[in-house]
Amino acid sequence: MNEPRLLAVDLPVHGGVGVALRHESAHLHVAGEAAYVDDILEARGTLHAAFGLSARAHARIRELDLAPVRAAPGVVAVLTAADIPGENNVGAILHDDPILADGEVQYLGQPIFLVVAETVDGARRAARLARVDYAELPAILTIEEALAQGSFVLPTVTLARGDAAGAITGAPNRLKGTLRIGGQEQFYLEGQIAYAVPKEDGDMLVYNSTQHPAEAQAQVAHALGVALHRVAIECRRMGGGFGGKETQGTLPAAAAAIAARHTGRPVKLRYDRDDDMLVTGKRHNFLVEYEAGFDGAGRILGLDLVLASQCGFSADLSGPVNDRAVMHVDNAYFLPHVRIVSHRCKTHTQSNTAFRGFGGPQGMLAMETVLDAIARQLGLDPLAVRRANFYGSGRDLTPYDMKVEDFVADRLCDELEKSSDYAARRAAIRAWNATSPIVKRGIAITPVKFGISFTTTFFNQAAALVHVYAADGTVLLNHGGTEMGQGLFTKVAQVVAHEFGIDVDRVRVSASDTARVPNASATAASSGSDLNGKAAQAAAREIRTRLAAFAAERFAVAPEAVRFAGNAVEIGAVTRMPFAELVRLAYHARVQLWASGFYRIPKIHYDPKTLCGRPFHYFAYGAAVSEAAIDTLTGETKLLRADLLHDVGRSLNPALDLGQVEGAFVQGAGWLTSEELWWNAQGKLMTHAPSTYKIPVASDVPADFRVRLWSQGENSEDTIHRSKAVGEPPLMLAISVFLAIKDAVAAAGDGRLAPQLDAPATPEAVLRAVDDLRARLAQQGGAHA
């Protein structure tokens, strides 16, 4: 056996924890070579599927004539609910979401039948040929209608502490109001898609663009009527998800698998963009009613809040989404007496689902709206009112009984106030508005406190597999997380490279696959790096421990004297060898070179019936200052400047984290300004394409955009390298954009009267708010006269 080479110095290492590396697929993205599901080379005999969709919001199907569909060129099969061999359901929690409607349709766009044809175009054209005779039923299309008729997908939930009504009644100052918060389309670049390939003996392989392969596996197995070990789901990457592929991707997966089982041939189902928006759920829209009592400093003494959300026709994830909305009403503020009522309304529209923030943004926006109204009523700077309500010593218990032990929002706001020159700019804006009759400006600063962990406690677990190859010491990593552009694969590879002290290029992450890591939780709740990073670290450490023990025995040193760094291994004081060489020697000594790792988040506990406990491992924090301008004649808005300061703890990858903060903020600004969903009186979503639904573009990013990661950030909990989650929390920084626009609208009046501005703040909404504000001022003037 060859003796080890002696090295004088450490070899340089590329990458590792804390290094600003590019995304592991960036070179493939820019070259157009990153393979998504639709890019997989199609097997011989592949067929293509398309749904036939309901043209009514709520109706009984009297007759379904599919003869013209079956007669269309290239059609191989047309399937209905009767052709599903197993369960006709893809409901994630309740079994209330059919794959194909059976006798009754509950929203306009609901799949009724599935066409399987030789070509994509042939399937889509044939799907339009069905003759359907509907017996229309009453349709509930709005939150107001659902509340009036007592229509709910889940029971109403109330979270209360103290005596909110008594505190409000006894407060020296009171106010009440309403706020409508719009939904939001996920608008992932890669639409919903699945490619099902039948295997031997009844097995099924499905390539699926999904954030939750294990959920897709279960739903496909149930639909086929087979055991889960007969189904494998694979996903190398998604072209965006944003929550829209947490449960919604299971429908095309199940449908494609059913068609593949029926025909015995591979079947691909890829939604057209219009169909994608018609079929799938969005961010929940909310109707908020609030009443608050407060003192002269703006400190809230009592708060009564009603959150009513539009869930759509089925429960989907509306339960946990609304729970999280309730638990984020407090945001960064202590509420001594509070009552929060949460209605989960059933309507005959798409079943709303997960979206980045998962209810948290709506809860926070409600709270920030209340504080903004308080500041205007008292004539105070809104920042002073926010500070008066911050969590602090003796004021550190959330409404759901979790103690806030790591509060830093106050420090972030203090630092950002100075670095953004907030006070001087606020004074300059007042001066501008005094001399500008048409264009008004506004400014706002808002904090974020966002809880990290799944509120469904058992999802807070993860597993990983790490293989080290004997021939060259390279590493293959597989874990249960999914890559959707956020950089999870890059970060977890950095964690493993760090453990072995090797270049990150020597670690490759393979596709998420239920056949390798089973029972994985969804890549959601901003938990991807926390969970999968820890699991991969555990697996890598197990292998490293074995290698260290082997080296210690072979070279007669203590295991503690073995150090992995610089692509090499230092063994005692004099012996050093390349990592790959130690791996080769260990293999020849029959040392196991693969390991599985498992991690579960500690400390958390939560009672979903009372909404109390410690649902979150820790909180992520941030703060933002936004400056905006409005044209009071057209309602046009412009975001002029944004200053963001966000706490990511000790960043695993500052480049990726900055990208997440920037992208989340812009996506949040789109939700609150331009992305308006509109249904007509028949329940048809009319904003179902980029021609009618306006997502932010490059010109919507402020010309002056200052984004920083907080240099003092460090997680107080033992997370992966003391980092913090970054996927969802920065989206709520965009609340400052909405409130800056609202501040500008207020300047169209006397600056003291709170505008009635609903979200999104489209030009029409801004004009309505300006007109309403001036009408109320005129009324006040007339009353005084």
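Residues are numbered from 1 along each chain as its sequence is written. Because this is a predicted model, local features need pLDDT of at least 70 and side-chain atom pairs count only at pLDDT 80 or more, while totals for chains, interfaces and linings use all residues; side-chain values use heavy atoms, without hydrogens and water.

**Stop one: strand β15**

Select residues 338-346, which make up strand β15 (strands are DSSP runs of E, at least two residues; helices are runs of H or I, at least four; both are numbered from the N terminus). Seven of its nine residues are buried, so β15 is largely enclosed by the rest of the structure. Here buried means under 20% relative accessible area, exposed over 50%, and partly exposed in between (1.4 Å probe, protein chains only).

Click on Val 157 to find its bridge partner, Ser 342 in β15. Next, show residues 300-312: this is β14, parallel to β15 and joined to it by nine bridges. Leu 305 stands opposite Ile 340 in β15.

**Stop two: Trp 432**

Move to helix α13, residues 422-435, where you will find Trp 432. Trp 432 is partly exposed, with a relative accessible area of 34%.

**Stop three: Pro 578**

Finally, select residues 575-578, strand β23, which holds Pro 578. Pro 578 counts as buried, at 13% relative accessibility. Then pick Gly 473: its C-alpha atom is 9.1 Å from that of Pro 578, though the two are 105 residues apart along the chain.

Definitions and conventions:
Pairing = 2+ DSSP bridges.
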